[in-house]
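Please open the model in a viewer and keep the selection panel at hand.

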Amino acid sequence: MTTIMRAMTVEDILKTRISTRAFLDKPVSEEQVREILDIARWSPSGGNLQPWTVHVVMGGGLTRLLDIVGKKITENPTEDESEINIYPPKLEDPWRTRRYQLGEEMYEKLGIARDNKMGRLARFAKNYEFFDAPVGMFFSLNRRFDKGQWAHLGMFMLSIALTAEEKGLATCMQEAWTARAKTVSDFLNIPETDQLYCGMAMGYADKAAKVNELRSSRVSVDDFATFITK
Ligand SMILES: Cc1cc2nc3c(=O)[nH]c(=O)nc-3n(C[C@H](O)[C@H](O)[C@H](O)COP(=O)(O)O)c2cc1C
């Protein structure tokens, strides 16, 4: 008997992709990453500017970067090299509650209590190891660009995440890297004209890891959409 496998639809991929925060020690080749980028480059952008720049770190490059970042964090764990406010300084509701809920759900999966500040800090620091993923990516933009191009970069990043999912790989976008933007930019030789935005971990998901059981919630369509029909 032959089993016919149905290809994943866009809906399947959108609904199965999650932010993966634990990866297997299983290599991903440069060819695999190139293929994903080769597909994601068909993302739209206003005026077809294709404003994005990507740096991929893997193999020896990744080891060297994580070594430098690790030393920096040991020297100064709370240093913040951010130029970008990831969230508004005073996050209000409903967004504040959504963020809080995500954090609580994630730390619950990890069994790290709210009063375990050190435990939560140590866990957050896993961001700076790409959660052990074999591939890390960094996205940057020319500083001349305005909000439109930032939105287009976001579309491109999602295309990468969805394509990776289709290819059996998992990802986690990581704004946490903004806190180490200077260190990373120096390492990658990103010119002063460009601004580092976000990182992305990529690799094979560790399906046995509790943290990867987290399926974050979403508000319903009527919470964000208005239909004007008359
Ligand atoms: C641009 C962007 C940056 C993110 N940065 C981080 C990050 O630094 N660390 C992290 O653990 N998750 C990060 N996330 C993951 C979000 O928390 C996650 O997308 C959200 O909670 C929805 O969950 P899901 O991706 O599993 O569907 C980021 C997501 C996006 C889109």
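Select Phe-124, Tyr-128, Phe-130, Phe-138 and Trp-177 in this predicted model. Ring pairs link these residues into a cluster. A search of the whole structure finds 8 aromatic pairs. One of them joins Phe-124 to Tyr-128 in an edge-to-face arrangement, with 6.0 Å between the centres and 75 degrees between the planes. Phe-124 is partly exposed, at 39% relative accessibility, whereas Tyr-128 is buried, at 9%.

Trp-150, at 25%, is partly exposed.

While helix 6 is in view, select Gly-154, which lies in this helix (residues 147-166). Gly-154 is partly exposed, with a relative accessible area of 33%.

**Backbone features**

Phe-130 is placed in the loop between helix 5 (117-124) and strand 2 (135-142). Its phi is positive, at about 55 degrees, although Phe-130 is not a glycine. Phe-130 is buried, at 0% relative accessibility. Phe-131 is found in the loop between helix 5 and strand 2 as well, and its phi is also positive, near 50 degrees. Phe-131 is buried, with a relative accessible area of 4%.

Which form does the peptide bond from Asp-93 to Pro-94 take? Select both residues and inspect omega: the bond is cis, with omega near 10 degrees. Pro-94 lies in the loop between helix 3 and helix 4 (95-110).

In soluble globular proteins, nonpolar side chains tend to be buried together. Select Val-57, Leu-65, Phe-130, Phe-138 and Leu-188, the residues that touch the most other members of the largest nonpolar core, which has 24 residues. Helix 3 (59-75), strand 3 (170-174), helix 7 (181-188) and strand 4 each supply at least two residues of this core. For a view of the contacts around one member, centre on Leu-188: beyond four places away in sequence, Leu-188 touches His-55, Val-57, Phe-138 and Leu-196. Apart from this core lies another, of 20 residues, among them Val-28, Trp-52, Leu-153 and Tyr-204.

The charged end of Lys-26 sits over the ring of Tyr-204, 4.0 Å from the ring centre.

**Charged groups**

Side chains of opposite charge can pair when their charged atoms come close. A search of the whole structure finds 15 salt bridges. Three of these may be selected in turn.

- Arg-6 and Asp-12: the side chains meet in a salt bridge at 3.2 Å, N to O. Arg-6 is exposed, at 64% relative accessibility, and Asp-12 is partly exposed, at 22%.
- Asp-67 and Lys-71: the N to O distance in this salt bridge is 3.1 Å. Both residues lie in helix 3, 4 residues apart, about one turn of the helix. Asp-67 is partly exposed, with a relative accessible area of 41%.
- Lys-126 and Glu-129: the closest N and O atoms of this salt bridge are 3.0 Å apart. Lys-126 is partly exposed, at 22%, as is Glu-129, at 35%.

Then select Glu-104, Arg-114 and Arg-120, which salt bridges with shared partners join into one network.

The last stop is Asp-194, in strand 4 (residues 194-203). Which side chain of opposite charge is nearest to Asp-194? Arg-143 is, at 6.8 Å. A salt bridge requires nitrogen and oxygen within 4 Å; Asp-194 is buried yet has no salt bridge. To display its surroundings, select Thr-53, Leu-141, Asn-142 and Arg-143, which Asp-194 touches when residues up to four places away in sequence are not counted.

Conventions. Residues are numbered from 1 along each chain as its sequence is written. This is a predicted model: local features need pLDDT of at least 70, side-chain atom pairs count only at pLDDT 80 or more; totals for chains, interfaces and linings use all residues. Side-chain values use heavy atoms; hydrogens and water are left out. Buried means under 20% relative accessible area, exposed over 50%, partly exposed in between (1.4 Å probe, protein chains only). Lys and Arg count as positive and Asp and Glu as negative; His and the chain ends are not counted. Contact means heavy atoms within 4.5 Å. Rings of Phe, Tyr and Trp (its six-membered ring) pair if their centres lie within 6.5 Å; planes under 30 degrees apart count as stacked, over 60 as edge-to-face and the rest as tilted. A charge sits over a ring if NZ of Lys or CZ of Arg is within 6 Å of the ring centre and within 35 degrees of the ring normal. A nonpolar core is a set of buried Ala, Val, Leu, Ile, Met, Phe, Trp, Tyr and Cys residues joined through side-chain atoms within 4.5 Å.
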